[in-house]
Amino acid sequence: QLIQLSPSNNGSSHLSSYDRGATVAGVAGVGRLITGMDRGLQGMCVNERRHLIVPPHLGYGSIGVAGLIPPDTTLYFDVIMLDIWNKEDKLQITTLYKPERCNRTVENSDFVRYHYNGTLLDGTPFDSSYGKDSTYDTYVGSGWLIKGMDQGLLGMCAGEKRRIVIPPFLAYGEKGYGTVIPPQASLVFDVLLVDLHNPKDGIFLEHLEVPALCKRKSVTGDFVRYHYNGTLMDGTLFDSSYSRNHTYDTYIGKGYIIPGMDQGLQGVCIGEKRRIIIPPHLAYGESGAGNKIPGSAVLIFDVHVIDFHNPTDPVEIQTLYRPADCNVTTQDRDFVRYHYNCSLLDGTRLFSSHDYEHPQEATLGTNKIIEGLNNGLLNMCLGEKRIVVVPPHLGHGESGARGVPGSAVLQFEIELLHMEPGVPEGYLFVWHSEPPENLFEAMDINKDGEVPPEEFSTFISSQIAEGKGRMMPGSDPEKVINDMFQNQDRNKDGKITAEELKLKSDEDQIKHEEL
């Protein structure tokens, strides 16, 4: 028991623990105190004040105390109880708050980060981590803490609040600590456990949402686009990709991100949501990062995987419908007309040909559309429907395009509506069979030995109308005929002569006959 005494003898003498600047400690009920004090202290609570009047026979009797208390003196004590403990006492733990979710609790050898307010039993504060603007970080059960705190932290959850009352023999005992903790003082700690981990911990995964259909899971070397919220174990948000309105894009398993995230993104499905809990030795370690991630902090990432791909991925094609009577399919250089819906793999709609008056048109193999879509349109039948998945290296790449994020995997739903045979690269017109035996004479309609633009245009148009040849599809016929004429008018005098007229096959020595 710790008591403060203010005895008096009818005002003639005055003794006080305050004058000595130290409390009085004593064991009650074992004969070490005068009988009146022993009896007067019974039933007192901490911070209770009592005025005790002790008659001589319960005080110092007829002998008194030489030089201080005369014989047969009645004693008056003004007492305040500061502390009580018993050698049989144990740690007192009161749970003030406990989170509903508690996946793990403190065990010996764990490393913990916690805030605390430390007071004596009467409420006198002696220390607080809050004033230091930093948690108290230490191992549990390794002798770095007083015994009572080592025991009192066991079984706590991250986010839990406890009041731990520690008797002095489990605290600083008879010596106390400096000037702030008196000898034989019971200590009260209000503790908030911020986080915990063990040096042997790996990452911990919670699968929050896994798509029912998962054709493929991520592996080392894949490039992943994901959104995340990053928090400490107490829920403090330290970073979020959502706030930037941009996914975090990176290769996994290559050391570009912290080791715990490298491991935590292995085996994810597109569209999956998972929680990745990372101990500090697989995150930012003892140093932390910036002013938002403290040293030795456990990190929690709630991740939503938008898409992933590998730089070696080809175009993925899924046929939804293919006509049974399909004998002709699209080839390179063919002209096609098609409807499409384009989206990201998370379902975000980007573009659709249905939003425009006419379907999309393209000549395959002319670099007018992205390579992956071009590949997806090859070998299609008229009326066929496909889903074409295009990795970014065959799409819009790392930079993306207007409305398309960088490094995004694209999904196209395609229906082929129309197709026309094309012409080989570098050709503007081809005959379906052999050209006229004397081409210049056939072209020189008025037989004047020269072919002006009007005659040239009339001749080519008649060949097309009679089904004897075809122009490069999907282009302006007048422009194509004019380009063909300019190619043959080698001296640029506005007419073609027999000497100027040459088939491209004669020039290139290739199979196709073409002007």
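UniProt positions are given in the numbering used here, with feature names shortened, and the annotations may be inferred rather than shown by experiment. All views show a predicted model, in which local features need pLDDT of at least 70 and side-chain atom pairs count only at pLDDT 80 or more, while totals for chains, interfaces and linings use all residues. Residues are numbered from 1 along each chain as its sequence is written, and side-chain values use heavy atoms, with hydrogens and water left out.

**View 1. Annotated segments of the chain.** The unreviewed UniProt entry carries the annotation "domain: PPIase FKBP-type" for residues 1-85, 109-197, 221-309 and 333-420. Helices (H or I, at least four residues) and strands (E, at least two) are DSSP runs numbered from the N terminus. Residues 109-197 are 7% helix and 39% strand, with end C-alpha atoms 9 Å apart; for residues 221-309 the values are likewise 7% helix and 39% strand, with the end C-alpha atoms 9 Å apart.

View 2. Of the ten residues of β12 (residues 223-232), nine are buried, where buried means under 20% relative accessible area, exposed over 50%, and partly exposed in between (1.4 Å probe, protein chains only). Two strands are taken as paired if DSSP finds at least two bridges between them. On this basis β12 pairs in the antiparallel sense with β16 (residues 299-309) over ten bridges, G230 having F301 as its bridge partner. The antiparallel pairing of β12 with β14 runs over four bridges, and there Y226 is the bridge partner of Y248. Three bridges join β12 to the antiparallel β13, with T231 opposite L237; these two strands form a hairpin with four residues between them, and G235 in the turn has a positive phi of about 95 degrees.

**View 3. Two asparagines with positive phi.** Most residues other than glycine have a negative phi. N245, in the loop between β13 (237-240) and β14 (248-251), has a phi near 55 degrees and is exposed, with a relative accessible area of 69%. N379, in the loop between α5 (371-376) and β21 (385-390), has a phi near 60 degrees and is partly exposed at a relative accessible area of 42%.

**View 4. Disulfides of the chain.** With a disulfide defined as a pair of cysteine sulfur atoms within 2.5 Å, the count comes to three. C102 and C157 are joined with an S to S distance of 1.8 Å, and the torsion about their S-S bond is about -95 degrees, so this disulfide is left-handed. C102 is partly exposed at 31% relative accessibility, whereas C157 is buried at 1%. In the disulfide of C214 and C269 the sulfur atoms are 2.0 Å apart, and that of C326 and C381 has an S to S distance of 1.7 Å. In sequence order of the bonded cysteines, the pairing is 1-2, 3-4, 5-6.

**View 5. Helix α7 and its buried side.** The 13 residues of α7 (residues 453-465) should span 18 Å at 1.5 Å a residue, which agrees with end C-alpha atoms 18 Å apart; the expected span is 1.5 Å times one less than the number of residues. E455, F456, F459, I460 and Q463 are buried in α7. The face turned away from the buried side carries the exposed residues E454 and A465. With contact meaning heavy atoms within 4.5 Å, the buried residues of α7 pack against β23 (429-431), α6 (439-443), β24 (469-471) and α8 (477-488). G467, which follows α7, has a positive phi near 75 degrees.
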